[in-house]
Amino acid sequence: MKHRIVVLGAGYAGAFAAGNLARRLSPADTEITVVNAVPEFVERMRLHQLASGQDLAVRTLDEVFAGTGVRLRLGRVTGIDPERRTVAVEGGEGARELPYDTLLHALGSSVADHGVPGVAEHAFDVTGRDSALRLRERLADLSAGGTVLVVGEGLTGIETATEFAESRPDLTVALAARGEPGAWLSPKARRHLRRAFDRLGVTVHEHTDITAVEPARALTADGTSLPADVTVWSAGFAVHPLAAAAGLEVSATGRIVVDGSMRSVSHPDVYAAGDCAYAIDGKGRPLPMSCASAGLTNMRATAAIIARLTGGEIPAVALTHHGNHISLGRRDAIFQMVDGDARSKSWYLGGRPAARLKSAVLKGASWGIAHPTFGMPKRRRGPTTAPDRSAERVAV
């Protein structure tokens, strides 16, 4: 009987992982199924561009996995039963319950409202294609002089505010930050960011805690009212509660607690990659929710699954964060290197060279998704029959 691998989610982590598994495991011995709620691959790193009115190429998952041997099951995952090793799927065509021998959980994350009143009813976000398109339609309806308030000083907030200000100079764009935007950057990079905000006309409200969102304004902790015909919420991400509901060991934020091989510490048949994985780097720090982390964790999980099924050892894949790459519209960006302790180095790359580098990174990721089985070089592999489950252990 073939070893059944089910991958939940076809974002950056899930799509890359499925392709690499298909490339390096024999189809005679393994069966790989990817479950995803929508039929298209979503370039999440570019959704702020989509929302600003730019058109992005649409790539269907049928195209992505054509000829790879990977099976695509469209539908929404509604439950995981780790004792029976099954996944419940709602919608689409096919079985409502998928059995697995190995499960790779890569469902990613969505917007976190942190319980702030009015966010769910009145705010927009750029964490999904549908939500980005709704925001795009709303922005298109705004006339000159309309106000847009972006909440959140992280990478998503900065990129969204600058993208909107550049693409819609007729609008008034502001950024509300609980601290200082880009506080983790080097002094020179922070000055570059400030100049970009000034050049694009983005008003920055530092040390501003948004406590409520209404149809045409946002309220702050000190009672200030900030005008906002459109409020864009980018103040953090949350993972789906599926893993916690299934009884997997999770962190306080619901992320799956994994060991060094991205394997669930409570259920050895389950691996996690991307935002849903609570992975610890070499310095003992949790990896942040980011595209870079998705790449690192999916490589480690893929290598671990292959090693487990072939009897090999897991190759070293360092969980090292190298830096932040921040788009500031289409013609400007910041690339900030960090050291081994995740502290910003004094050197940074900015302006058009950094924008071209960011564009190359995005194109590289897009190419990798379009050619999922070419994400890793071919390796010699042994039989893919899993060893005795009662005694199996993977070296890390």
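The model is predicted. Asp-170 sits in the loop between α6 and β12 (172-176). Leaving aside residues up to four places away in sequence, Asp-170 touches Ser-143, Ala-144, Gly-145 and Gly-146. Arg-352 is another matter. Asp-170 and Arg-352 are 182 residues apart in sequence, and their C-alpha atoms are 24 Å apart in space.

**Two loop residues with positive phi**

His-207 is not a glycine, yet its phi is positive, about 50°. This residue belongs to the loop between β13 (203-205) and β14 (210-214). Is His-207 buried or exposed? Its relative accessibility is 61%, so His-207 counts as exposed.

Met-262 also has a positive phi without being a glycine; the value is near 70°. Its loop lies between β19 (256-257) and β20 (270-272). Met-262 has a relative accessible area of 1%, so it is buried.

**Helix packing**

Two packed helices are described by the angle between their axes and the distance between the axes.

| Helix pair | Angle between axes | Axis distance |
|---|---|---|
| α1 (residues 12-24) and α9 (residues 291-310) | about 30° | 9 Å |
| α6 (residues 155-167) and α7 (residues 187-200) | about 30° | 9 Å |
| α1 and α10 (residues 352-370) | roughly 45° | within 9 Å |

Start with α1 and α9, which pack at about 30°. Angles under 35 degrees count as roughly parallel, so α1 is roughly parallel to α9. Their crossing is right-handed. On the α1 side, the contact is made by Tyr-12, Ala-13, Phe-16, Ala-17, Asn-20, Leu-21 and Arg-24. On the α9 side, Cys-291, Ala-294, Asn-298, Thr-302, Ile-305 and Ile-306 take part. By class, this contact of α1 with α9 has nine nonpolar, three polar and one charged residues.

Next comes α1 with α10, where the axes cross at roughly 45°. That makes α1 oblique to α10. The crossing is left-handed. From α1, the contact uses Tyr-12, Ala-15 and Phe-16. From α10, it uses Ala-365, Gly-368 and Ile-369. Which classes make up the contact of α1 with α10? There are five nonpolar residues, one polar and no charged ones.

Then there is α6 with α7. Here α6 passes α7 in a left-handed crossing. Ile-158, Thr-162, Ala-165 and Glu-166 of α6 meet Leu-193, Phe-197 and Leu-200 of α7. The residues of this contact divide into five nonpolar, one polar and one charged.

**An aromatic pair**

How many aromatic pairs does a search of the whole structure find? It finds one. The partners are Tyr-12 and Phe-41, with ring centres 5.2 Å apart. Their planes stand at 85°, so the pair is edge-to-face. Tyr-12 lies in helix α1, while Phe-41 lies in strand β3 (residues 40-41). The pair therefore ties together parts that are 29 residues apart in sequence. Both Tyr-12 and Phe-41 are buried.

Definitions and conventions:
Residues numbered from 1 in each chain as written. Predicted model: local features only at pLDDT ≥ 70, side-chain atom pairs only at ≥ 80, totals over all residues. Heavy atoms only, no water. Axes fitted to C-alpha atoms, helices over the stretch in contact; angles between N-to-C directions. Helix = DSSP H or I, 4+ residues; strand = E, 2+ residues; numbered from the N terminus. Parallel < 35°, antiparallel > 145°, perpendicular 65-115°, else oblique. Left-handed = near helix turned anticlockwise from the far one by under 90°. Contact = heavy atoms within 4.5 Å. Nonpolar A, V, L, I, M, F, W, Y, C, P; charged D, E, K, R; others polar. Phe/Tyr/Trp six-rings, centres within 6.5 Å; stacked < 30°, edge-to-face > 60°. Buried < 20%, exposed > 50% of the residue type's maximum accessible area, 1.4 Å probe, protein only.
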